[in-house]
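Hi,

Here is the structure I promised to pass on.

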Amino acid sequence: MSVALPFGVFENVLSQDINKDVANKITALNSLVTKGDFSKLGDIRETVLQLRAPFQLINGLKAKMQNAKMPWPGDEGEKRWQQAWMAIKEVWASKWNERAYFSARKVKIEHNDLCMAVLVQEIINADYAFVIHTTNPLSGNTSEIYAEIVKGLGETLVGAYPGRAMSFVTNKSALQSPKIVGYPSKKVGLFIKQSIIFRSDSNGEDLEGYAGAGLYDSVPMDQEEKRLIDYSTDKLIADRDFQYSILSKIGTAGNVKKKLPKDSYVAS
């Protein structure tokens with residue numbers, strides 16, 4: 001299950017009287033960035049982290065999470081809620097990370113037109129994570145599913161982690177015959193205890209000419225554990241029966257989802 005803080009919530013929080021000083025500071029820093037002082041991007045991110053949560057947001061998010069049968073961080077004490085609130089603010093603040101800012105600038109997208117929603121999801125200590133494209137993005141072939149898979153959490157797949165994921169294609173009419181097109185070279189896997197993750201979703205991710213996906217941060221409440229990965233000994237590579245089974249199941253899942261509006265999604 002998941003809930004969301006939709007587009008506009010950040011701007012609403014920023015407009016509250018309790019955050020007037022933060023809003024004024026962000027406006028001033030934004031003006032300096034517009035004039036070419038890009039060193040102030042980091043200052044804006046730090047300023048966003050000073051936001052205070054309005055009671056309306058706290059109560060609304062609590063109600064939505066409880067209705068979705070999701071654990072409410074505040075039930076574990078004020079410290080846990082503050083961890084969650086900081087993670088939400090870190091997602092919002094990532095709108096001003098250098099990579100995202102200059103990527104938008106390069107394609108002449110007004111940075112102020114970009115908005116950030118936050119998807120709130122439970123997270124498990126996944127063995128593997130994958131991304132599925134229900135149209136092969138390499139060839140444009142609509143009859144093929146293309147997927148990538150990594151060990152551990154999907155942040156090493158969709159985030160700025162070096163190395164390749166394992167990739168494969170499968171025809172929608174022959175889902176039991178996946179074909180590997182790339183072997184994994186990522187050296188790090190991320191693992192975590194059962195927790196909550198706050199995922200970024202910008203309104204720029206589907207704009208033509210702008211690859212917004214992966215530019216912004218997704219932040220878990222709890223710290224992930226980084227482990228060195230040796231794929232050569234992992235059963236995803238070493239056990240052909242297991243490999244065939246998991247790739248076929250991923251392909252089948254992608255075919256079930258093929259009628260969704262977007263042509264890709266992430267699952268663990």
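**The strands**

Ile149 stands opposite Met166, a residue of strand β5. Before going on, a word on the source: this is a predicted model, where local features need pLDDT of at least 70 and side-chain atom pairs count only at pLDDT 80 or more, while totals for chains, interfaces and linings use all residues. Residues are numbered from 1 along each chain as its sequence is written, and side-chain values use heavy atoms, with hydrogens and water left out.

Strands and helices here are DSSP runs numbered from the N terminus (E, at least two residues, for strands; H or I, at least four, for helices). β4 (residues 144-151) and β5 (residues 166-171) pair in the antiparallel sense over 6 bridges; pairing requires that DSSP finds at least two bridges between two strands. β4 also pairs with β3 (residues 128-133), again antiparallel and over 6 bridges. In that pairing, Ile132 has Ala147 of β4 as its bridge partner.

How many of the 8 residues of β4 are buried? The count is 7, so β4 is mostly covered (buried means under 20% relative accessible area, exposed over 50%, partly exposed in between, with a 1.4 Å probe and protein chains only).

**The helices**

Helix α3 (residues 40-48) has Leu41, Gly42, Ile44, Thr47 and Val48 as its buried residues. They pack against α1 (9-15), α2 (20-34), α5 and α6 (98-106), with contact meaning heavy atoms within 4.5 Å.

Take α2 and α3: their axes come within 9 Å and cross at roughly 165°. That makes the two helices roughly antiparallel. Axes are lines fitted to C-alpha atoms, for helices over the stretch in contact, and angles run from 0 to 180 degrees between N-to-C directions. Angles under 35 degrees count as roughly parallel, over 145 as roughly antiparallel, 65 to 115 as roughly perpendicular and the rest as oblique. On the α2 side, the residues that meet α3 include Val22, Ile26 and Leu29; on the α3 side, Leu41 and Ile44 are among them.

How do α4 and α5 cross, and at what angle? The axes of α4 (residues 55-67) and α5 (residues 78-93) come within 13 Å and cross at roughly 105°, and the two are therefore roughly perpendicular to each other. Leu57, Ile58 and Leu61 of α4 meet Trp81, Trp85, Ile88 and Trp92 of α5.

Cheers
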